[in-house]
Every structure is written in C-alpha cells, then in structure tokens.
Amino acid sequence: MSTDHDQYFTTSEFAKVCGVTKHTLFHYDEIGILKPEIVKENGYRYYSYKQFYTFDTIAVLKETGTSLKEIKEYINNQNTLHFLTMLQQKQHHLVEEQRKLVRMQRLLQGAIDNTQRALQVNCGEPWIEECEEEYFIAVKLSKDSSEKDHVRKIYQIFDYCDEHNIDYDFPIGSIINKTSLEEGVYDPDYYCNKISYRHNNKLLYIKPQSKYLIMNHKGSYESIPASYKKLMSYIADNNLTITGDSYEYELLSYLAVGDPDKYVIQIAIQI
C-alpha cells in the first residue's frame with residue numbers, strides 16, 4: 001500500500017472501529033449508502049476517517065427506527081431541514097410505540113390480576129356489594145345476530161378503542177338489559193369492554209354507582225342461565241328489586257383455560 005493509503009482503514013479495520021462486521025459494510029456498499037472511498041484493482045477496499053461520520057449518521061438513524069431506504073434518501077439529500085423533519089417523524093412514532101407499550105403493560109397486568117383472582121374466588125354463592133360508577137365501550141346486539149355477527153361486534157369495540165386511543169381492559173364483557181332479566185332472557189344485549197375513565201363518545205355505556213347482587217359463575221356461557229335462575233331466586237327470597245342491568249365480566253376465559261366448563265364469569269345485577 002502506498003503512503004497515502006496508510007491514512008485509510010482496511011475493511012476489517014473500519015468494521016472494528018465502527019463495531020460491526022465486514023458483512024455489514026459489504027451490505028452498505030451494495031445498497032449504496034456507504035461505499036469505500038478507494039477500491040483497488042485487486043478488490044481491496046479502503047475507508048477514510050471522514051467516512052466514520054457517515055457511518056455514525058447511519059447508526060444513529062437506525063437507532064431511531066429509520067429504514068435503510070430512508071437513510072439512503074437522507075444521505076443523498078443531506079440537509080438540516082430534512083434531518084429535522086425525519087427526526088420529528090421518528091419522535092412521533094416513538095411516542096406512539098411508548099403509548100402502546102404502556103397500554104400493553106396495563107392489559108397484561110389486568111389479565112394477571114383477573115387470572116389470579118379467578119383462582120381464589122368462591123363460585124355459586126351470591127353477595128351484595130356497593131359498587132362505584134364504571135364506564136364501558138359497548139356495542140348493541142340484535143336478537144337475531146349470528147355467531148359471525150357477534151365476532152364482528154367484538155372487533156368493532158377493539159377497532160373503535162384503537163381509532164380513538166381509548167385504553168380498555170383485556171377481557172370482553174357483556175350487558176343484559178333490565179327488561180331482558182325480568183323476562184328471563186339471559187342472552188347479552190351488548191358486548192362491552194371496561195375503560196378506565198369516562199370518554200364522551202357514542203359507544204359510552206355507564207354502569208351506575210349502586211348496590212349490586214354479585215355471583216361468580218363457573219362454567220361455559222351455555223350453562224350461565226342456571227346461575228341467573230339462582231340469582232333470581234335469591235332476589236325473590238330476600239324481597240329485592242332489580243333496578244338496572246346485569247354486567248358479565250370474564251375472570252377466567254378461553255385465554256387462560258381450554259375447557260369451557262372451567263370458565264369463571266362474574267355476574268353483577270343492579271338492585
């Protein structure tokens with residue numbers, strides 16, 4: 001190598017300085033974002049010290065989640081305004097990702113809490129409890145809805161919450177209207193997801209602060225009418241009056257257990 005070339009890095013040396021493999025440098029050369037400054041007739045490649053700054057720019061942008069295609073476009077049109085716009089876009093993306101991570105952490109914690117709670121609760125024994133006001137995103141079901149329609153309704157809730165950046169609890173729930181309860185019809189009138197605070201939107205459903213008759217049902221949804229009949233007998237025997245709807249909330253569902261007969265579903269009827 002000539003004396004001039006002593007001022008350059010070989011591919012191996014440059015890779016070591018940059019903390020990457022030679023294959024990474026070969027790839028960057030192939031896609032045109034960092035080509036060696038000198039390529040000799042024998043194929044040997046040499047990088048200048050100035051190219052370390054180009055490599056560092058690539059590394060910083062990669063850390064922000066910038067694709068190699070976007071980096072190449074920036075390298076070919078490098079200016080302050082382009083740099084600022086690109087970083088602002090990445091900052092917005094990172095804020096969104098952080099929000100999703102916080103939301104997922106809350107969903108996971110809720111699923112853990114519900115599962116642990118389901119393993120400890122008593123099932124089949126009613127009790128009365130004063131409950132605070134709670135909020136739900138709910139979609140109404142028609143009585144002639146098919147199972148296929150029910151699945152669409154569930155995902156309508158998820159899509160609505162995602163579209164409006166509304167955090168919701170993990171398990172799906174259901175609501176049975178007071179009129180249906182009084183008629184002995186225990187099919188859900190709404191599917192719902194509990195949300196942490198009140199959102200003024202068209203799908204908001206408010207569970208009033210009130211006394212509720214509560215019981216944990218163990219078994220499939222097909223067997224849930226038996227628990228409702230038990231609750232109705234309790235209401236009649238204790239001279240209670242139904243004043244509102246029934247709310248069903250999954251504590252242990254298909255997510256945690258394969259056998260539907262082992263589901264745990266909490267029922268709360270406003271009295």
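In this predicted model, helix H2 spans residues 22-31, and its buried residues are Leu25, Tyr28 and Asp29. Viewed down the axis of H2, these buried residues fall within an arc of 100°, so they line one face of the helix. The face turned away from that buried side carries the exposed residues His23 and Glu30.

Asp29 also takes part in a salt bridge with Arg45, in which the closest N and O atoms are 2.3 Å apart. This pair links distant parts of the chain, since Arg45 belongs to strand S3 (residues 45-47) and Asp29 to helix H2, 16 residues apart. Asp29 is buried, with a relative accessible area of 12%, whereas Arg45 is partly exposed at 26%.

Nine salt bridges are found in the whole structure. Among them is the pair of Asp149 and Arg152, with the closest N and O atoms 3.2 Å apart. Because Asp149 and Arg152 are three residues apart in helix H6 (residues 147-163), about one helical turn separates them. Salt bridges that share partners also join Asp29, Lys35 and Arg45 into one network. In helix H5 (residues 80-118), Glu96 and Arg99 likewise lie three residues apart, about one turn of the helix, and their closest N and O atoms are 3.7 Å apart.

On the surface, Glu129, Glu130, Glu132 and Glu133 gather in a patch of negative charge. Glu132 sits in the loop between strand S4 (127-131) and strand S5 (134-140) and counts as exposed, at 53% relative accessibility.

Another loop, between helix H8 (224-237) and strand S10 (246-252), holds Asn239. Most residues other than glycine have a negative phi. Asn239, however, has a positive phi near 55°, and at 72% relative accessibility Asn239 counts as exposed.

Note on methods: Residues numbered from 1 in each chain as written. Predicted model: local features only at pLDDT ≥ 70, side-chain atom pairs only at ≥ 80, totals over all residues. Heavy atoms only, no water. Patch = residues over 30% accessible without salt bridge, like charges linked within 9 Å, V, L, I, M, F, W, Y side chains within 5 Å. Areas by Shrake-Rupley, 256 points an atom, 1.4 Å probe, with all protein chains shown as cover. Salt bridge = Lys/Arg side-chain N within 4 Å of Asp/Glu carboxyl O. Lys, Arg positive; Asp, Glu negative; His and termini not counted. Charge placed at Lys NZ, Arg CZ, Asp CG, Glu CD. Helix = DSSP H or I, 4+ residues; strand = E, 2+ residues; numbered from the N terminus. Buried < 20%, exposed > 50% of the residue type's maximum accessible area, 1.4 Å probe, protein only. Arc of directions from axis to C-beta.
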